[in-house]
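Q: I've got this one open on my screen. Can you walk me through it?

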Amino acid sequence: MTSLNKSFSMIALAVASLSAHAVEPTYWANWEHADVKSAWSQGYKGQGTNILVVDDFSNRSLIVGRLTNNIEVKGHGFWVAQEASLVAPEAKISTMGYVSGTAINLEPGKLNIVNASYGLFAPSTIDQKYIITNATEKSIIAAAQNGTAIVVKAAGNDGVAVGQVTKNGTKDFLASALISGQTTIFAGALNKNGTLAGKATMASYSNVAGSDVNVQNKFLSVGVVSTTTNLPGTSLAAPILDGYAAIVGSKFVGANAKQITNQLLTTARTDTVANYRPEIYGRGEASLSRALAPVSIK
């Protein structure tokens with residue numbers, strides 16, 4: 001698969017971008033939405049769920065960031081997995097290198113959430129059947145199509161609609177293949193966590209939902225507070241949604257992947273983003289508090 005040039009859905013960062021005089025955040029995870037702390041106070045922390053992060057864990061490209069009080073240097077996959085664990089601290093976090101070429105393993109009897117914060121890019125003129133040949137991607141797509149796991153896919157950082165051709169003439173074939181999945185969620189990045197008084201906008205780099213209604217109905221946005229973490233990119237939007245799914249699953253313990261997916265999608269807010277349009281924001285900003293609000297879900 002190396003010839004297909006798998007590429008990350010995250011902006012590379014320079015070590016110099018964090019100065020020695022950087023101010024430590026007053027709260028160790030103040031990039032998180034206040035809804036997360038509220039969910040924890042109710043006892044919902046992702047227990048009984050499994051988040052599988054499929055990513056690069058080779059540390060070939062090191063990135064400087066800060067998700068806690070500590071400035072750290074680590075590889076892409078490690079940042080993604082850490083963020084998911086900070087949102088849903090009692091979820092099981094499993095990891096798998098996307099270069100393994102093997103099918104994903106799902107935990108029986110648990111709500112499974114698969115994170116894909118990478119893209120499978122190739123020239124748009126190539127037939128998809130020649131691109132989706134790896135057992136890893138095939139199994140991720142199958143999990144979304146069959147509804148056996150929630151698949152959260154980073155929308156991408158090309159500033160185009162999901163599944164569309166980039167300015168370089170390439171296309172993310174993994175994103176395109178996941179559009180048909182019944183438990184797919186595309187993760188877009190907002191510039192901050194939105195509120196009624198301070199509405200968020202789509203981050204300038206983030207891909208958007210576009211005109212395809214099938215994508216719009218599967219597209220959620222969350223705040224990526226890179227001013228605090230120094231970690232921009234839709235790669236860091238996806239694990240936040242992993243955590244939300246796990247938290248909702250820890251309340252509605254009998255719910256399946258499709259029910260949790262629908263709960264997140266149908267409870268998104270459109271009033272906390274500026275000038276809401278479905279072709280930009282899809283369903284809107286994910287709302288953990290609204291997703292947790294009912295006594296039961298169907």
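A: A term to start with: buried means under 20% relative accessible area, exposed over 50%, and partly exposed in between (1.4 Å probe, protein chains only). This is a predicted model: local features need pLDDT of at least 70, side-chain atom pairs count only at pLDDT 80 or more, and totals for chains, interfaces and linings use all residues. Residues are numbered from 1 along each chain as its sequence is written, and side-chain values use heavy atoms, with hydrogens and water left out.

Q: OK. Is Tyr-276 buried or partly exposed?
A: Partly exposed, at 31% relative accessibility.

Q: And Tyr-281, buried or exposed?
A: Buried, with a relative accessible area of 4%.

Q: How many aromatic pairs are there?
A: Three. Rings of Phe, Tyr and Trp (its six-membered ring) pair if their centres lie within 6.5 Å; planes under 30 degrees apart count as stacked, over 60 as edge-to-face and the rest as tilted. One of the pairs is Phe-57 with Phe-78, edge-to-face, at 5.2 Å centre to centre and 90° between the planes.

Q: Which parts does that pair tie together?
A: Phe-57 is in the loop between strand 2 (49-55) and strand 3 (62-65), and Phe-78 is in helix 2 (residues 76-87), so the pair links parts 21 residues apart in sequence. Helices (H or I, at least four residues) and strands (E, at least two) are DSSP runs, numbered from the N terminus. Phe-78 is partly exposed, at 34% relative accessible area.

Q: Why is the pair of Tyr-276 and Tyr-281 stacked?
A: Their planes are at 20° and their ring centres 6.3 Å apart, so the pair is stacked.

Q: New topic. Where is Asn-115?
A: In strand 6 (residues 111-116). Asn-115 is buried, at 0% relative accessible area.

Q: What is Asn-115 in contact with?
A: Contact means heavy atoms within 4.5 Å. Leaving aside neighbours within four places in sequence, the contacts of Asn-115 include Leu-52, Val-80, Val-152, Pro-239 and Asp-242.

Q: What about helix 8, which residues are buried?
A: Helix 8 (residues 257-266) has Ala-257, Ile-260, Thr-261, Gln-263, Leu-264 and Leu-265 buried. They pack against several elements, among them strand 6, strand 8 (150-154), helix 7 and helix 10 (288-292).

Q: Which residue caps the N-terminal end of helix 8?
A: Asn-256. One of its side-chain oxygens lies 3.2 Å from the backbone nitrogen of Lys-258.

Terms used
Polar contact = N/O pair within 3.5 Å; in protein donor to acceptor, adjacent residues only side chain to side chain.
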